[in-house]
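Subject: Structure handover

Hi,

Here is the structure I promised to pass on.

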Amino acid sequence: MRAPYGIGPLAPVVLAVRGAALLLALVALARTAVQGLAEPGLALVFGLLVAAGELTRRGAAAGEREPAPLAAAGALAYALLGDSAGRPTTHGALQVIAVVVVAQALAAVPRGACGRRTDADRAARRTLTVGFAAVCFQPLYASGQAERWFGDGPWFPLFPLTVLALTALCDAVLAALLARSAARAGGPGALPPYASLLVDEVRALAGTGVAIGATGAVTALGVAVAGPWAPAVLCGPLLLTQVSARRYTAVRTTCGQTMASLARATEIAGYTPPGHARRVAALATAVGRELGLTGPRLTVLEHAALMHDIGQLSLLDPVAGGATARLPAAEQRRIALLGGAVVRRTGAGPEVAAVVERQADSYREQPLAARIVRTVNAYDDLCGESVGGPLRALEQLRLGTGHDHQPQVVEALGRVLARGGLTPAGAG
């Protein structure tokens, strides 16, 4: 079971993020309470927009990057708001933070009453990134410095776009830090390189992140021209995007559950040891991250590792311990091809099926994902055979680098296992 973010050697990172967000929120709330709410109508409009975005999101699953794009776009729009209906605003950066914090807190009440989890780390991330955008934009705009730098013409939109780009990078840095902490809490051998996670987060910005940033900027410009009624019109398309993304996520979740059930079929039938597919998938994903795989390529690797043994169901009698590496090469390829045919019928995608089909080939002819699955599967089989522990299993894999295993994959596996204390894969 994965431990919460607050547990583990990297917990100080999480505590620092939460502490910084809490301190910023307290300062913003205190300043707003002392000096009063500037332009309460605008504050109410954007506060309701952020709260509505939080309420319309579904229950967030662990690992989701942005479950409330409408709330994020509304918060960014308020941070980038300089004028309202042609008149300069005076709310300032700290009021932006205060309004977003209060809106998130109000939205958490009915969500908690319905039994939905409140993610403190995601709320802290939102507070810090919106605060970053507001601090970058509001003082420069109010003082006129932004106009002196960019002029009051076609070049001025570069200013909010630059702020959005820097804010997105700030959010990616925080998200990667929290994801690494969560992975470290997940157990031995699960810690991916920070650079790999950061690249993954930056690549994710090309999807929903662009829509969120664009909607936030356009909403701020719309309010500057048309007044407080602009958000109701301009945020509609993002709400439709959120509904579509929710349906797509539901389809992916169903597909993942189907593959997990099929992976257990070989264990239930007695063809593979209990937990083998799950262990291979977890370790293969860690090795993939070690070798720089991110995003969709990492998902393909994980799904292929889960399904790599499904072809064994074609055997009349189970192989001892499920270790097909002891079979003739032709029989290994036949099992792999049959497994790929099954995977193609699950909707997992041709990329996953191709990895399953080619796991029995020589590594020089395999894609990287198939090389990883082959090596990690062999490691788990060797540990299950009690060859002398993880070090002995790694030694045997290194002896097979001439034909069976790519040296770089074996060394990456060794690094992942070393960080996890060389815990035997077959344990548990």
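Predicted model: local features only at pLDDT ≥ 70, side-chain atom pairs only at ≥ 80, totals over all residues.

The overall picture

The secondary structure comes to 17 helices and 2 strands. Of the 428 residues in the chain, 47% are buried. Among contacts with a separation of 6 or more, 71% are between residues 24 or more positions apart. The chain has an accessible surface of about 19900 Å², and carbon and sulfur atoms account for 65% of that.

Helix 13

I looked at this helix in some detail. Helix 13 covers residues 329-344, and at 1.5 Å a residue its 16 residues should span 22 Å; the end C-alpha atoms are 23 Å apart, which agrees. Its buried residues are Q332, I335, A336, G339, G340 and V343. Viewed down the helix axis, these buried residues fall within an arc of 140 degrees, so they line one face of helix 13.

What do the buried residues of helix 13 pack against? Their partners are helix 12 (295-307) and helix 14 (350-357). On the face turned away from the buried side, helix 13 carries the exposed residues A330 and L337.

The aromatic rings

There are 6 aromatic pairs in the structure. One of them is formed by Y141 and F156, an edge-to-face pair at 6.1 Å centre to centre with 65 degrees between the planes. This pair links distant parts of the chain: Y141 sits in helix 5 (residues 120-143), while F156 is in the loop between helix 6 (145-150) and helix 7 (158-185), 15 residues apart. Y141 counts as partly exposed, at 24% relative accessibility, whereas F156 is buried, at 18%.

Another pair is F150 with F159: the ring centres are 5.6 Å apart and the planes are at 35 degrees, so this pair is tilted. Here F150 is partly exposed, with a relative accessible area of 25%, and F159 is buried, with 4%.

Best wishes

Conventions. Residues numbered from 1 in each chain as written. Heavy atoms only, no water. Helix = DSSP H or I, 4+ residues; strand = E, 2+ residues; numbered from the N terminus. Expected span 1.5 Å × (residues − 1). Buried < 20%, exposed > 50% of the residue type's maximum accessible area, 1.4 Å probe, protein only. Arc of directions from axis to C-beta. Contact = heavy atoms within 4.5 Å. Phe/Tyr/Trp six-rings, centres within 6.5 Å; stacked < 30°, edge-to-face > 60°. Areas by Shrake-Rupley, 256 points an atom, 1.4 Å probe, with all protein chains shown as cover.
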